[in-house]
Amino acid sequence: LEWNVSTWGKRRAFTEHLEKLAELVSEKTNGDFTMNVSYGGLSNNKENLDGIQIGAFEMAQFCAGYHEDKNPTVTVLELPFIGVQTLEEEVAVSEAVYALPAVKEDMARWNAMILMPSPMPQYNIVGTGEPRRTLADFEGMRVRATGGLGEAFAAVGAVPTSMTASEVYSAMESGVIDTAAFAQHAHLSFRTIDLATWWTENLNPGTVNCPVVANIDAYEALTPEQKQALDESAPEALAYYVQNYEKNVIGEWNRILEEKGVEKVHVSDEEIAAFREAAGGPARAAWTEQMKAQGLPAEELLATVDEALAKARE
Amino acid sequence: MAGHSSVREDSSALSRADRALFRVESGLNLAAGVVVFALMLLAVAQIMGRKLFNVPVPGFIDWVEQAMAVFAFLGIAYCQRVGGHIRMDILIGRLTGRALWVAELISTVLMLLLTLALTVGAFRHFQRAFDWNATWFSRDSSIDIALPLWPAKLLVPLALGLLALRLALQIWGFWRALRDDDDAPVAVPLIESAAEVAAAEAETVIGEPVGERERG
Amino acid sequence: MDPLNIGLILSGLLVVLVLIGVRVGFAAAFVGFAGLFWIFAQKMGLEKGFDVAVSMAGSVPHSKATTYSLSLIPTFILIGYLAYYAGLTKYLFEAAKRWVGWLPGGLGVATVFATAGFAAVSGASVATSAVFARIAIPEMLAEGYDRRFAAGVVAAGGTLASLIPPSAILVIYAIIVEQSVGQLLLAGFIPGAYSALIYGLLVILMAKFRPSLGPAVRGFTWKQRFESIPGALPIFFVVAIIIYCIYFGWGTPTEAGALGAFVVLCMALWNGMKWGQLKSALMESAKLTVMIFTIIWGVLIYVRFLGFADLPGAFADFLSGLDQSPMVTLIMILLAYAVLGMFMDAIGMLLLTLPVVYPAVMALNGGLNVSAADSAFGMTGSECAIWFGIIVVKMAELCLITPPIGLNCFVVAGVRPDISVQDVFRGATPFFVADAITIAGLIAFPGIVLYLPRLLLG
Ligand code: NA
Ligand code: NA
């Protein structure tokens with residue numbers, strides 16, 4: 001049996017759990033169950049859920065923020081300032097949310113079931129020129145940030161600007177934008193770090209949530225041995241992902257910050273609290289309203305995030 | 001003479017259907033052109049808004065991507081009517097009479113079958129993004145400002161459906177030509193001889209669109 | 001059957017369909033759809049397989065056509081038509097004629113330089129060829145130039161638009177390999193000028209040894225020459241605005257292209273363009289745009305099928321298994337592009353191959369982060385990405401003038417229905433030689449590509 005797995009871009013820290021999962025499953029079944037990971041060959045990055053529903057491939061990765069109407073419940077994890085600080089915390093809140101019946105139903109519309117998250121660090125910003133340390137500094141700042149994150153920055157007077165990720169480097173170089181919000185591996189691959197003079201180490205405004213899903217019918221059709229191999233391998237693959245991300249990406253990140261003399265900006269607790277109040281609160285309220293209009297249990301989703309985070313911190 | 005062909009007209013039902021459809025196709029093609037024009041203005045607004053007032057167009061890329069469905073598809077049947085979809089005519093250009101009509105029939109039937117399959121597939125693509133019970137009927141939205149995607153996705157099967165209609169009409173035309181052994185049938189794109197083209201060219205203003213030229 | 005074999009068989013069918021005259025975009029889409037059906041039917045039975053193939057193929061047109069980077073294409077086409085109505089192309093050609101017309105094959109040389117100049121505002125080869133087929137070919141025919149030769153010069157000259165910025169295809173390359181769009185556009189400038197020079201020399205040599213191709217056009221006084229300059233100035237003005245816009249932070253290259261189009265629109269209105277003419281420009285732009293997009297999504301349905309057949313993966317394995325010097329492998333890759341380019345459209349070819357070929361080439365050079373000293377081609381990883389981009393775009397441009405699917409030749413034949421597409425192909429054949437020389441030069445002297453990026457980026 002071979003499963004086709006659809007993701008996009010190139011092999012990177014963000015896809016290491018897929019590669020690891022393929023390796024582990026094949027090992028555990030002595031090559032009876034293999035996976036073929038395709039980087040963009042099977043689907044566009046915004047249509048992986050479509051492909052799962054069609055039945056064109058058995059497994060896929062997607063990001064909730066690419067298409068919030070496809071997966072409204074999962075977007076709770078992308079709200080600004082939910083307070084997550086580490087990859088472990090991100091894993092904990094993601095898994096708690098994925099376990100909710102409302103989320104399972106949401107995914108079942110696409111004939112999909114979530115296997116594991118792809119935890120991403122917070123989208124801290126890099127910038128050119130003088131470091132911006134306070135909310136007052138954010139006034140008029142042109143930032144490349146999309147979706148809810150863009151709205152959060154807009155709430156404190158910054159100007160989110162719409163452009164593709166690959167345009168960001170030249171836009172920053174020429175001054176079309178002052179700052180860009182990405183996870184570290186994206187700051188590295190889109191080379192915004194080459195232009196940056198500073199990076200906010202603790203602003204932690206939010207991140208994207210990118211689960212790995214399987215086609216429900218394909219999963220149900222597995223033999224008990226295959227199913228067991230898959231179920232057992234997912235946590236192992238995820239642990240490998242986190243370890244790899246922290247060691248290689250974060251390690252490389254810190255090394256490059258040092259080498260290029262990029263300043264780590266530490267935003268004060270008062271400023272962050274003010275930012276959270278200005279952007280996080282209204283975003284939650286608006287999101288709750290929106291979910292309720294669609295008959296989705298907004299409070300339960302939010303409470304699950306808060307509880308899981310508190311539990312992870314214990 | 002791949003990008004060009006002429007369409008003959010008379011008072012038959014087929015030709016009247018052809019011209020009626022062509023009016024619709026021309027209007028849609030012009031709408032596509034107008035959207036290209038509007039996008040250019042939107043980009044200028046984006047630059048000026050950002051530079052002069054620090055206010056870029058919110059969700060600029062999302063708007064552009066939605067608009068792209070218009071100019072990528074709306075003119076597709078028009079383009080087929082005027083023979084604008086490119087092809088190799090090294091072999092087919094040497095055929096005449098019934099042999100030519102058989103070849104054209106095969107090629108057009110193949111296109112129709114494909115277009116019908118794609119119309120169904122594209123409609124399903126729309127259906128996956130559409131939900132009667134959701135806000136704005138939307139079950140799929142754009143990345144930045146969450147525009148509903150179903151209107152753009154609906155455009156594709158509609159444009160492909162119109163193309164299917166055009167292809168069906170051309171199949172009818174080629175079938176009639178084959179049956180009657182007609183050398184100059186109506187309502188189908190004809191591969192022109194150099195002399196015919198030169199004569200047509202002489203009486204037209206350069207730069208007039210092909211469709212306009214043929215009607216006049 | 002093995003998906004790889006299905007891939008090979010259906011790729012053969014594609015060539016057959018194209019040869020028997022099925023419209024290219026539809027032929028590719030048909031083969032792609034048939035391939036998806038075959039693969040899914042093997043996996044899940046006929047009925048379910050057909051169903052999945054319909055859904056998969058049917059999702060590609062919307063999914064792939066509404067990609068932001070492609071939004072440049074209609075703007076770049078429209079700018080071409082607007083420039084035509086603004087009289088820019090006419091004045092440019094007139095100036096070139098007065099200055100270089102005295103050379104052997106003078107109008108051909110003038111066409112080359114005028115297309116190069118126009119390339120600085122036009123981002124699409126096809127549109128450039130379409131515009132000059134209207135302007136240059138009638139003049140050349142009136143002077144008794146060989147019909148094939150005249151058409152060939154215009155088809156080949158149009159390809160310059162894709163190296164000299166702005167360029168839709170360089171943007172597409174930058175997007176695929178995730179490099180800076182600005183740097184690639186910058187890097188294309190000198191190679192574009194160099195390529196124009198080689199074309200010019202070729203035309204002179206051909207006309208010298210075969211005077212029947214076309215006479216020199218003499219008799220312009222210096223006064224007439226200088227009088228022609230102001231007419232050509234607006235094009236430099238537009239270029240200056242675009243460059244200013246990009247390098248001084250007014251907008252991204254994409255937005256700057258649209259600003260350029262807007263400036264040309266203002267010029268055209270100033271020159272008295274009527275609604276009827278604007279409508280013509282819009283109708284023609286829309287028609288050419290839908291034609292190009294149909295090919296793009298048609299080819300991408302075929303590419304989607306190849307993705308399931310894993311043909312690119314098989315190619316990667318083959319390449320990395322070779323035991324020879326990296327330069328030999330690179331040249332083999334380029335030769336493969338030359339062959340592939342005969343059957344594919346430029347954008348489709350790059351989209352299909354780069355995900356496989358680009359990493360292979362980067363690996364040949366020694367990896368993404370290699371230093372110039374440790375590398376195989378004497379350049380850093382990021383320099384190699386730019387250098388290979390320019391070379392591969394030049395290869396892709398070559399496929400615009402090679403039979404059987406050379407888009408530029410079809411467009412010239414489309415605009416000039418009195419010239420058959422076969423004649424345009426024959427007329428363009430000598431320019432393969434020029435392109436081979438150009439590409440050899442770019443490989444032997446990478447500085448031609450890298451000088452400007454190095455200068456501006458230290
Ligand atoms: Na250009
Ligand atoms: Na070709």
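# Close-up views of chain C and its partners

**View 1. The contact between chain C and chain A.** The count between chain C and chain A is 1 salt bridge, a term that here means a side-chain nitrogen of Lys or Arg within 4 Å of a carboxyl oxygen of Asp or Glu. This is a predicted model, in which local features need pLDDT of at least 70 and side-chain atom pairs count only at pLDDT 80 or more, whereas totals for chains, interfaces and linings use all residues. Residues are numbered from 1 along each chain as its sequence is written, chains are lettered from A in the order in which they are written, and side-chain values use heavy atoms, with hydrogens and water left out. The salt bridge joins Glu58(A) to Lys43(C), with the closest N and O atoms 2.9 Å apart. Across this boundary, 28 residues of chain C are in contact with 26 residues of chain A, contact meaning heavy atoms within 4.5 Å.

**View 2. The area buried between chain C and chain A.** About 2200 Å² is buried between these two chains, and carbon and sulfur atoms give 52% of it; buried area is the accessible area (1.4 Å probe) that two parts lose on being put together, summed over both.

**View 3. The contact between chain C and chain B.** Here 70 residues come from chain C and 74 residues from chain B, and the buried area is about 6600 Å², of which carbon and sulfur atoms give 74%. The count of salt bridges between chain C and chain B is 2, and in a salt bridge between Asp51(C) and Arg124(B) the N to O distance is 2.8 Å.

**View 4. The largest nonpolar core.** This core has 302 residues, and those with the most contacts inside it are Tyr337(C), Trp387(C) and Phe388(C). A nonpolar core is a set of buried Ala, Val, Leu, Ile, Met, Phe, Trp, Tyr and Cys residues joined through side-chain atoms within 4.5 Å, where buried means under 20% relative accessible area (1.4 Å probe, protein chains only). Helix H13 of chain C, residues 275-309, gives the most to this core, with 22 residues; helices are DSSP runs (H or I, at least four residues) numbered from the N terminus.

**View 5. The surroundings of Trp387(C).** When its neighbours within four places in sequence are left aside, Trp387(C) is in contact with residues including Leu330(C), Phe377(C), Met379(C) and Pro446(C).

Notes
Buried < 20%, exposed > 50% of the residue type's maximum accessible area, 1.4 Å probe, protein only. Helix = DSSP H or I, 4+ residues; strand = E, 2+ residues; numbered from the N terminus.
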